[in-house]
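Here are some exercises to work through with the structure open beside you. Try each task before you read its solution.

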Amino acid sequence: MHARFLSAPDLDGTFDYFSNILTLLQYTEADSAEIHAAINWKSGEPMDRRMLKIRALVYHEITHFLDLHTTFWGHQYLVRKLNFAQSLTRDLPDVDDRLAVFAVETGEIDIHKELIVEGTLPPTACKRLTHQLQYEEKFGVVLIINYCSGDTVHHQVPLSTLSLLEAHATANEFLSILEYAKTIDDPVDAAIINRETRESFDDLLNDVSRIEYSVLLSLTRIHFPEIDLKSLMSMISTLARFSLDATFFRIGIIANRIEETFSNRSLGHFLSMELRRDSQRALIFFKTVLFMYEWKEWLSKEEKDIYLALVGDDPHAAIVEMWVKYKGMDVEDFDDRFDFLFEGALERLGNYKSTLCDAVLSAENLQNRKIIGNRAIGSIDLPSLKLIDMVLHDGTIVKAPNSINFDVETYFDINMELFSRMERRYREYRGKRIHMPPDTVEYFHF
């Protein structure tokens, strides 16, 4: 099995943000034919539950890959990773500074375990979520989400980029199953799959060990109980991508709208400043859900029904409508006129002198970015996306249906020493996450 460096721990599969290796941990060469059939499935063909599970797992892991290579968040992550790797391989004097900046990104994936408070009450028994801001010397200003039953707080979870990335991947995982159920001619079998999927979703939300991964799923379900699970998964996937792919210009406007809503003005200001510096993107997801909830509750009964139908049919349009009609943004703030910035950024990635493949993979993903657009990834057929090949537990390689020309095994072997050095330096890093303390004096020049 290929070593894992920086990835969310999971028993079934993993995507490594250092190496770009996508591994299906529960499968070996003996399963490769079944995996190949699952990822090459065509609408109208039957799938048994095992194939359906495999395909859903692939959707989960490729979402991480696509987030890294088709969004503005991913581009910033890659730039900071390549800066660190370039300094490390050349033994440049700025390597610690590059690591400190890269740790801002990795720290939002590999973070916060010490801030989680786990109770014993099943999380879905907590019908109310509250939140507060607190300052942590190691992390900066953190938004803490409280799971409440009555006035009692039973669980506490910090909002993090990991929460956002996992919400996105999990939503696409479940959505892929629900999309399959929609294609089944047998209504009984379709109903059974839908019921089993709802039960699996509830089990995930009640798994306290995964509460950091599921917190944004719980947040959205609590505030949108009117929509079915398929619509909920589509909304979550679309909003996660909306948050990860916001341009610098859009983030600045959104941060202004968010800052004015915090009761703790001081900490709210500094958390909003983090967002303006292109950190804390999970805050966009979190506040957008709350704003959409406020908007729909403010509408008349007839208007609310129309809005909820829009959430189900076109969640991106529903998100934009809220920001425009409720939060006063302009429609032009959401058009694609800044997409040229993404393509220009891809060219700059190619200037790094490194054996790492990130610039090549991002260039290959430009077409994926166009295919995805504002859609949920879980509703897009796998063969239409250009993907890297997958590695099984025993090292067997399974080719993606529309495979990027990229030799996973050779690449890993060539860069194994570099990955190990990067991970060792990262794990040894004991510096604080770069942030602006709340007592910082800000200077404005006019």
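A salt bridge here is a side-chain nitrogen of Lys or Arg within 4 Å of a carboxyl oxygen of Asp or Glu. The model is predicted: local features need pLDDT of at least 70, side-chain atom pairs count only at pLDDT 80 or more, and totals for chains, interfaces and linings use all residues. Residues are numbered from 1 along each chain as its sequence is written, and side-chain values use heavy atoms, with hydrogens and water left out.

**Exercise 1. Salt bridges**

Task: Find the salt bridge of Glu297 and Lys304, and decide how accessible each partner is.

Solution:
- Start with the general idea: side chains of opposite charge can pair when their charged atoms come close.
- Now look at the pair: the side chains of Glu297 and Lys304 meet with N to O at 3.0 Å.
- For accessibility, buried means under 20% relative accessible area, exposed over 50%, and partly exposed in between (1.4 Å probe, protein chains only).
- Glu297 has a relative accessible area of 38%, so this residue is partly exposed.
- Lys304 has 19%, so this one is buried.

Task: Compare two further pairs, Glu179 with Lys182 and Asp389 with Lys399.

Solution:
- Glu179 and Lys182 form a salt bridge of 3.1 Å, N to O.
- Both sit in helix H5 (residues 161-182), three residues apart, which is about one turn of the helix. Helices (H or I, at least four residues) and strands (E, at least two) are DSSP runs, numbered from the N terminus.
- Glu179 counts as buried because its relative accessibility is 18%, whereas Lys182, at 57%, is exposed.
- In the other pair, the closest N and O atoms of Asp389 and Lys399 are 3.1 Å apart.
- This pair links distant parts of the chain, ten residues apart: Asp389 is in the loop between helix H16 (366-372) and strand S6 (390-392), and Lys399 is in the loop between strand S7 (397-398) and helix H17 (408-428).
- Asp389 is buried, with a relative accessible area of 5%.
- Finally, salt bridges with shared partners join Glu226, Lys296, Glu297 and Lys304 into one network.

**Exercise 2. A sheet and its hairpin**

Task: In which order do the three strands of the open sheet lie, and which stand at the edges?

Solution:
- Two strands pair if DSSP finds at least two bridges between them.
- The order is S3-S4-S5, with antiparallel pairing.
- Strand S3 (128-136) and S5 are at the edges; each has a single partner strand, so one side of each lacks a neighbour in the sheet.
- Strand S4 (residues 140-149) and strand S5 (residues 152-158) pair over six bridges.
- Among the partners, Cys148 has Val153 in S5 as its bridge partner, and Ser149 stands opposite Thr152.
- Two residues lie between the strands of this hairpin, and Gly150 takes a positive phi near 65°.

**Exercise 3. A kinked helix**

Task: Where is the kink in H17 centred?

Solution:
- The bend at a residue is the angle between axes fitted to the seven residues ending there and the seven starting there.
- The kink in H17 is about 55° and is centred on Asn415.
- Asn415 is also one of the buried residues of H17, which include Tyr411, Phe412 and Leu418.
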